[in-house]
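The exercises below concern helix packing, a nonpolar core and backbone geometry. Work through each task before reading its solution.

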Amino acid sequence: MYIGHVGAALAGKRARRSIGLLVLLIATYVPDWVDTGLCLAGHFTPAEMLSHSIPAVVLFALVGFVLYGWRSGDWVGAAVLAAVILSHMFFDWITGDKPTWPGGPMIGLQLYDHPVADFIVEGAVIAVGGILYADTLPPRRSPWIDISVMLGALLTMQLAIDVGHMLLKSLPKC
Amino acid sequence: MTTTEMLRVMSDAGTGLPTILANPILSGMRLIGELVVAILTPALIDRQARRSSRILK
């Protein structure tokens, strides 16, 4: 999943309003940040065992839970943050093909091979997250403008990615 | 030229890109760029929405 992960961060904001949205946005992409680091270091493997396997993502969620809880003293918020990190794995099982554990099977519906279906699913996750997030914004004149801009920007980015996927099917992640 | 034909021409033109972008440094930079855009876009819109509501008060 690409921009759909933002939907999880937006839903996390609704679940715990005291957490900064930027923190949730960084958290929702933790496995991809790890992949980016591995890529730059020249240690990336297409299986993504160190970044997207179940033990790896559970470890990231635990680290996020402890770090956020220790820094903020808000352990409920820490649990929400950990859930947002974990959501990355579950959403990737819908759109990708990801490792389970060392020696275990790869699982996933691989919607990336069907960009239209991928856009529909990711768009739905973005829309649900956006609707949940809208409630966290303070009362204001024309509240629908902000949420429309947010959803419009996210859906446009997702559309660009899906079109790019159609045109560059063989482009590796790293 | 139909849309399908146009997409096919663009796809053919893009077949060389994966080879160029397979470099780990370029790929890493591309991944960072994608993540930063995906994160900063909603974060900035959120900030703007909260700021505009404060101005209204």
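**Exercise 1.** Determine the handedness of the crossing of α1(A) and α7(A), and describe their packing.

Solution. Step 1: α1(A) and α7(A) cross in a left-handed sense (left-handed if the near helix is turned anticlockwise from the far one by less than a right angle, right-handed if clockwise). Helices here are DSSP runs of H or I with at least four residues, and strands are runs of E with at least two, numbered from the N terminus. The model is predicted: local features need pLDDT of at least 70, side-chain atom pairs count only at pLDDT 80 or more, and totals for chains, interfaces and linings use all residues. Residues are numbered from 1 along each chain as its sequence is written, chains are lettered from A and ligands numbered from 1 in the order in which they are written, and side-chain values use heavy atoms, with hydrogens and water left out.

Step 1: the angle between α1(A) and α7(A) is about 20 degrees, and their axes are 7 Å apart. Axes are lines fitted to C-alpha atoms, for helices over the stretch in contact, and angles run from 0 to 180 degrees between N-to-C directions. The two helices α1(A) and α7(A) are therefore roughly parallel (under 35 degrees; over 145 is roughly antiparallel, 65 to 115 roughly perpendicular, the rest oblique).

Step 2: α1(A) contributes G4(A), G7(A), L10(A), A11(A), K13(A) and R14(A) to the contact, and α7(A) contributes E122(A), V125(A), I126(A), G129(A), G130(A), L132(A) and Y133(A). Contact means heavy atoms within 4.5 Å. By class, these residues are six nonpolar, four polar and three charged (Ala, Val, Leu, Ile, Met, Phe, Trp, Tyr, Cys and Pro are nonpolar, Asp, Glu, Lys and Arg charged, and the others, Gly among them, polar).

**Exercise 2.** Which members of the largest nonpolar core touch the most other members?

Solution. Step 1: the core has 35 residues, and those with the most touching members are I3(A), V6(A), L10(A), L25(A), Y29(A), Y133(A) and L154(A). A nonpolar core is a set of buried Ala, Val, Leu, Ile, Met, Phe, Trp, Tyr and Cys residues joined through side-chain atoms within 4.5 Å.

Step 1: elements giving two or more residues include α1 (4–15) of chain A and α3 (24–56) of chain B. Apart from neighbours within four places in sequence, V6(A) contacts L25(A), T28(A), Y29(A), L154(A), A38(B) and P42(B).

**Exercise 3.** Is E48(A) buried or exposed, and where does it lie?

Solution. Step 1: E48(A) is in the loop between α3 (30–41) and α4 (49–52) of chain A. Step 2: with a relative accessible area of 6%, E48(A) is buried. Step 3: its phi is near 55 degrees, a positive value in a residue other than glycine.

Conventions. Buried < 20%, exposed > 50% of the residue type's maximum accessible area, 1.4 Å probe, protein only.
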